[in-house]
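Subject: Two-chain model, handover and findings

Hello,

Here is the structure I promised to pass on. Please open it alongside this note. My findings follow.

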Amino acid sequence: MVDAQRVLVIGGGSTGTGIARDLSMRGLDVTLVERGNLTHGTTGRMHGLLHSGARYAVSDRESARECVAENRILRDIAGHCVEMTGGLFVALPDDDEAYFEEKLRGCRDCGIPAEVLSSEEAREREPYLSREVERAIGVPDGAVDPFRLCVANALAAEERGARIETHAEVTDLLVEDGAVAGAEIRHGDGPGKARSARTPGEREAIRADHVVSATGAWAGRIGEMAGVEVAVRPSKGAMTVMNVRQVDTVINRCRPKGDADIVVPHETTAILGTTDVEVDDPDDYTEEGWEVDLLIDELAEVVPILADARTIRSFWGVRPLYEPPGTDTEDPTDVTRDFTVLDHGERDGLAGFTSIVGGKFTTYRLMAERVSDLVCASLGVSASSRTAEVPLPGSEDPEALSVAMDDFGLTSPVARRSAQRLGSRAPDVLDTDEPNPVVCGCEAVTRTEVRDAIDQAGPDLTAVRIRTRASMGNCQGGFCAHAMATELHPVYDESAVRAALDDLYGERWKGQRHALWGEQLSQAALTHALHAATMNRDGDPAARAESVDFAAFDPGLGDGARREGRTDRGD
Amino acid sequence: MAIRNEVVVVGGGLAGLTAAVAAARAGADVRLISATQSTLAQASGLVDVLGYAPDGEGPLADPFAALADLPDGHPYSTVGEDAVRDGLALFDDAVGDRYCGGHTDRNALVPTAGGTVKPTARYPQGTAAGLASDDRPALLVDFERLVGFDAPLAAAHLGAAGVPFDVRGVTVEFPVALDPDATVTRVAHVLDRDRAVESDRGSAGARAALAETVAPHLDGAERVGFPAVLGDDRADDVRTDIEERLGVPVFEVPTGPPSLPGLRLEDALVAALDSAGASVTTGNPVVDYEAADGRIEAVYVEQNGQRTPYHAGQFVLATGGLVGGGVDSDRAHVYEPVFGCHVAHPDDRYEWSEAAAFGEHAFARFGVTVDGDLRPLDARGEAEFANLRAAGSVLGGYDFAAEKSGSGVSLATGFVAGTHTAEVA
């Protein structure tokens, strides 16, 4: 038997894990490297919209058709990651009536189910919509959990023998005889070196018959390492997370383009999006308060209660926009959202190397399929993609979900939410004879779920967070971050637990800073009090260089005090 | 008929209770108005005075020695060391032998649920056997069913902190069957009532069953620490009962929220207020006030849409800080919501906090600025009202969480606000 062809995939976002799954299902020997956690880049920083395609039905029908096809596929293969909320494109008095008609026609031409709702019908469905809304188009938009979907792709790849290596940064590409032959990796030194046999700081050369760069906004940098130009135009977008779902349907503003035009119900929250500003460096850009204010103020025109509602954090993502050299579109909002596969052998005379840029989350599977087709063709592998037919781990058995809804010894709203997150894996994870208390109350995450995520991800609480949603609710980890950390012990030692807690707490804090006023500032002050005043984590002697002179403090009235003869007040 | 008292205290936390007790003991006719459960339910029940200097130096063995170095504008600088001692004396008297620590000026170091130690001036009797400067070997115990406190982890952490005693941890199953998501209060009530547990060896009380579960793990430990769930109404009975059965002292490690030591403290202070003869109105917020000639005449309490005025000659503002709702904010402003007192703050809300989680957050110091008589000042430095004094976390100028000074500031300023108010009432 001939050894399987080796492929190295760079990037642990939706596209990279999708490619790893696709190629490993076709029998290739896949290694995926990601410099941070899975979803560390753009995938983990999106609003969670599963496009119906309606958004592109006027400007880009090709994308619209792809979206609606992939929307249907994801509902089949990843049901446990998708919530079919439906979507509305709502028109306000100032919005162009002709555009509304064009949108409707576009949807119908692209095969996107679309119905027109009157103002009353729209508000019957979403009572918090503005009375100003004149009419709306109902479309099958949905919400998708990008974390869960990405992890499910990685798990599927692993089940077929792929090696998924997180916290492994590519420092150079190996170029030999006019072809890319692998990459130099530096293994990370954070607390999240998940399940790896590699030690932090270690360098490793991974050789491969083909290398795929699925690095999105960072594709220019990876290309540079092999001397090819990949002209991505990174564009940042802000998203603001509300503490509750003001709407249960995706609400889009029905106008050609613009900032702050969408509200996506996502799990227990609603996410406001977004802005679109080109940036030079996808790792270094400013996150600005005006963007948060813009999202709230603009979207409050559509859903007025947003004006004074509580937000729990904001986050920014960087779109991997790409256009072929020479296009030179001025406004980033006009740059195509379609994806491009760059065959560097054909384009640059550099064999063994492919980049994928542009595109959007909803079509990640199709993007992965196209790249995998190209890789297989270049390696002479004839197997075709089966990713549209085979369900992802967690969605294999729709029955399992309803079975899992039965009581696992949990209160029922908790069981329901856990079971929805886990899909058909729920019985395996939740069925336990041990006490299974809730670790994260805001998001109803139980101990077995946290431990299952630790088994998968190791001592990296951010990885645990993205798998379970623990610490992503109102308190932003104030009440649960330390409880999550204790679940790492005793598999991981005390110093590793402390480092993991500091990391998670710091990460939660930073994102929350964009929401610090009103109730969320009050929440943050309570969090600060619990962690600093009650637990004294900021003055932790274990973390400080100078040791404490314990003898200088009150020894109490126990044996020590009795020895000093202070028995006047007894215990 | 109008409701009138000499003094109205708005706020039922540690500062409000202290101010009301101090004013009542000084002879004033006092009413305390409190909207909801106070933030004591979220506090550890430890009564700290000053654990760290504002520059982070610490833990401080002697909090009093560090008072003189505090900056102007710090509440302790405003009221002075005598007020701190007076506030503590009032506290010691009010809670009696429920609390320890008054035998020395020195801070105690108390193990926390997170495995660190925290400097504090007073600690509940139930925590006394747990002090970190005591060299007796200790066993920490936690329950499978409760999250947030992992005894083996906390023991390892205390070891890393360099405590001068051997410490081990063990996780056990609570011996009484409980609901899947039992709360700490539920566990405490089971122990309060000493509910019977059936086992192979017949029936036993919950406390005996707990002692029996822990005993095999003692292995030379001379004291045993539990999460702070050892009873609510009968905490002393529960603890001494388990101590007798185990044959070693038992202590609680503060946890929360909800924090039973915090709730027990609130009960003790409310009882002290009752014996001092003050009236108490709880359950509804103060929503408005009436003023004339720079003096507050009345505050309005809203209940079921109806506004009831409470008249008084003197008022104390003890509504808490950002956590308690005594200081509030929107996207552009920070304000004191009851009387509209001035709260200084940076214009840019991104300057209210720092990127580092434990950075020097401006928000931690938000609160009203006061004169030497604790009267809130407006933006020009004039007293907002001639007859309004502020106490506790509504005061600005200190970061109680970083300094570990929240309780002490509440006691000292509550004492001063209460006694001064009574003098002029």
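Where in chain A does Asp96(A) lie? Asp96(A) sits in the loop between strand E5 (87-91) and helix H3 (97-109) of chain A. Helices (H or I, at least four residues) and strands (E, at least two) are DSSP runs, numbered from the N terminus.

Some conventions first. This is a predicted model, where local features need pLDDT of at least 70, side-chain atom pairs count only at pLDDT 80 or more, and totals for chains, interfaces and linings use all residues. Residues are numbered from 1 along each chain as its sequence is written, while chains are lettered from A and ligands numbered from 1 in the order in which they are written.

Back to Asp96(A). Asp96(A) counts as partly exposed, because it has 13 C-beta neighbours inside 10 Å. A residue is buried with 20 or more other C-beta atoms within 10 Å of its own, exposed with 12 or fewer, and partly exposed in between; C-beta atoms are placed from the backbone. From Asp96(A) to Arg203(A) is 107 residues in sequence and 57 Å in space, C-alpha to C-alpha.

Domains

The bounds here come from an automatic or database domain assignment. In chain A they are domain 1 (6-42 + 147-231 + 337-379), domain 2 (82-143 + 233-318) and domain 3 (437-543). The C-alpha centres of domain 1 and domain 2 of chain A are 32 Å apart.

Chain B has domain 1 (3-99 + 263-424) and domain 2 (113-253). Their C-alpha centres are 33 Å apart. In chain B, 19 residues of domain 1 are in contact with 10 residues of domain 2. Contact means C-beta atoms, placed from the backbone, within 7 Å. On the domain 1 side, helix H3 (75-95) and helix H8 (260-275) of chain B each supply at least two residues. That side of domain 1 of chain B divides into 10 nonpolar, 4 polar and 5 charged residues. Ala, Val, Leu, Ile, Met, Phe, Trp, Tyr, Cys and Pro count as nonpolar; Asp, Glu, Lys and Arg as charged; the others, Gly among them, as polar.

A helix pair in chain B

How do H3(B) and H10(B) cross? Their axes come within 7 Å, at roughly 90°, with H10(B) spanning residues 406-424. That makes H3(B) roughly perpendicular to H10(B). Axes are lines fitted to C-alpha atoms, for helices over the stretch in contact, and angles run from 0 to 180 degrees between N-to-C directions. Angles of 65 to 115 degrees count as roughly perpendicular, under 35 as roughly parallel, over 145 as roughly antiparallel, and the rest as oblique. Residues of H3(B) in this contact include Val79(B), Leu88(B) and Phe91(B). Those of H10(B) include Val409(B), Leu411(B) and Phe415(B). By class, the contact has 13 nonpolar, 4 polar and 1 charged residues.

Cores

A nonpolar core is a set of buried Ala, Val, Leu, Ile, Met, Phe, Trp, Tyr and Cys residues joined through C-beta atoms within 7 Å. The largest has 303 residues. Val90(A), Met484(A), Val10(B) and Ala20(B) touch the most other members. Beyond four places in sequence, the contacts of Ala20(B) include Val9(B), Leu273(B) and Gly418(B). Another core lies apart, of 5 residues, among them Ala419(A) and Leu422(A).

Chain contact

The contact takes 71 residues from chain B and 61 from chain A. On the chain B side, strand E4 (108-111), strand E5 (117-120), helix H4 (151-160) and helix H9 (400-403) each supply at least two residues. H4(B) gives the largest share, 5 residues. The classes on the chain B side are 36 nonpolar, 22 polar and 13 charged.

Is H14(A) enclosed or open? Helix H14 (residues 461-468) of chain A is largely enclosed by the rest of the structure, because 8 of its 8 residues are buried. Just after H14(A), Arg469(A) takes a positive phi of about 75°. Gln476(A), in the loop between H14 and helix H15 (481-486) of chain A, has a positive phi of about 55°. Gln476(A) is buried, with 26 other C-beta atoms within 10 Å.

Thr39(A) has phi near 70° and is also buried, with 26 C-beta neighbours inside 10 Å.

Two peptide bonds deserve a look. Gly273(A) to Thr274(A) is cis, with omega near -15°. Gly58(B) to Pro59(B) is cis, with omega near 5°.

Best wishes

Conventions
Contact = placed C-beta atoms within 7 Å.
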